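Visitor: Could you walk me through one part of this model up close? I'd like to see how the side chains there connect to their surroundings.

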Amino acid sequence: MHRNITEQGLELVKSFEGFRATPYYCSGNVLTIGFGHAVRQGETFMEITQEEGEKLLKDDVGTAERAVLRLTKVPLEDNQFDALCSWVFNVGSGAMQRSGLRQKLNRGEYNEVPTELKKWVYAGGKKIKGLMWRREAEAILFEFM
């Protein structure tokens, strides 16, 4: 089964990632371009269009979607799926796999997920205000019914 993030979820990711046409280092010191695309070994970018950035974003979000589906054993509403895809897009599927958030979610402790999301606000050992805002938005989206 495959499931896609909604347009609302994609807009959430885009709003926090922002668009950059040229490569830059994000707060986690990862070379990034477009809407938060982590430049992989063998990829070279000088400058991209917003359209190219959206294609990279959809491919990257697809990886997050598959991870959320693979690692989640309980039913999710669209808003919950969107919030988790945004989070996994940002922190990576390995982080979800090892997380207490995943354990609580898979035990059906949906009410614990927003608190768990809000713990993921550090990059390079520092608490990042932008991550605090993002986690708050994801937590609100997850709870929304």
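**A close look, starting from the sheet**

Guide: Let's start in the sheet, where isoleucine 33 stands opposite histidine 37 in S3. Keep in mind that this is a predicted model. Strand S2, residues 31–34, pairs with S3 in the antiparallel sense, over two bridges.

Now for the side chains, and the stretch around threonine 72. Threonine 72 sits in the loop between helix H2 (50–71) and H3. With a relative accessibility of 10%, threonine 72 counts as buried, because the cut-off for buried is under 20%. A polar atom of its side chain lies 2.7 Å from the backbone oxygen of valine 68. Setting aside neighbours within four places in sequence, threonine 72 touches Met96, Leu105 and Asn106.

Asparagine 106 belongs to helix H5, residues 100–106, and is partly exposed at 23% relative accessible area. Its side chain reaches two backbone atoms: the oxygen of leucine 71 at 2.9 Å and the nitrogen of lysine 73 at 2.6 Å. Once neighbours within four places in sequence are left out, the contacts of asparagine 106 are Leu71, Thr72, Lys73 and Val74. For a sense of scale, asparagine 106 and valine 61 are 45 residues apart in sequence, and their C-alpha atoms are 21 Å apart in space.

Glutamine 80 counts as buried, at 8% relative accessibility. Its side chain reaches the backbone nitrogen of glutamate 77 at 2.8 Å. Again leaving aside neighbours within four places in sequence, glutamine 80 is in contact with Pro75, Tyr110 and Phe142.

Last stop, the surface. Phe16, Met132 and Trp133 make a nonpolar patch of about 310 Å² there. Phenylalanine 16 comes from helix H1, residues 7–17. At 31% relative accessibility, phenylalanine 16 counts as partly exposed, whereas glutamine 80, at 8%, is buried.

Technical notes
Residues are numbered from 1 along each chain as its sequence is written. This is a predicted model: local features need pLDDT of at least 70, side-chain atom pairs count only at pLDDT 80 or more; totals for chains, interfaces and linings use all residues. Side-chain values use heavy atoms; hydrogens and water are left out. Buried means under 20% relative accessible area, exposed over 50%, partly exposed in between (1.4 Å probe, protein chains only). A polar contact is a pair of N or O atoms within 3.5 Å; within protein, one must be able to donate a hydrogen and the other to accept it, and residues adjacent in sequence count only if both atoms are side-chain atoms. Contact means heavy atoms within 4.5 Å. Two strands pair if DSSP finds at least two bridges between them. Helices (H or I, at least four residues) and strands (E, at least two) are DSSP runs, numbered from the N terminus. Patches are made of residues with over 30% relative accessible area and no salt bridge: like charges are joined within 9 Å, nonpolar side chains (Val, Leu, Ile, Met, Phe, Trp, Tyr) within 5 Å. Accessible areas come from the Shrake-Rupley method with a 1.4 Å probe; for residues, only the protein chains shown count as cover. A salt bridge is a side-chain nitrogen of Lys or Arg within 4 Å of a carboxyl oxygen of Asp or Glu.
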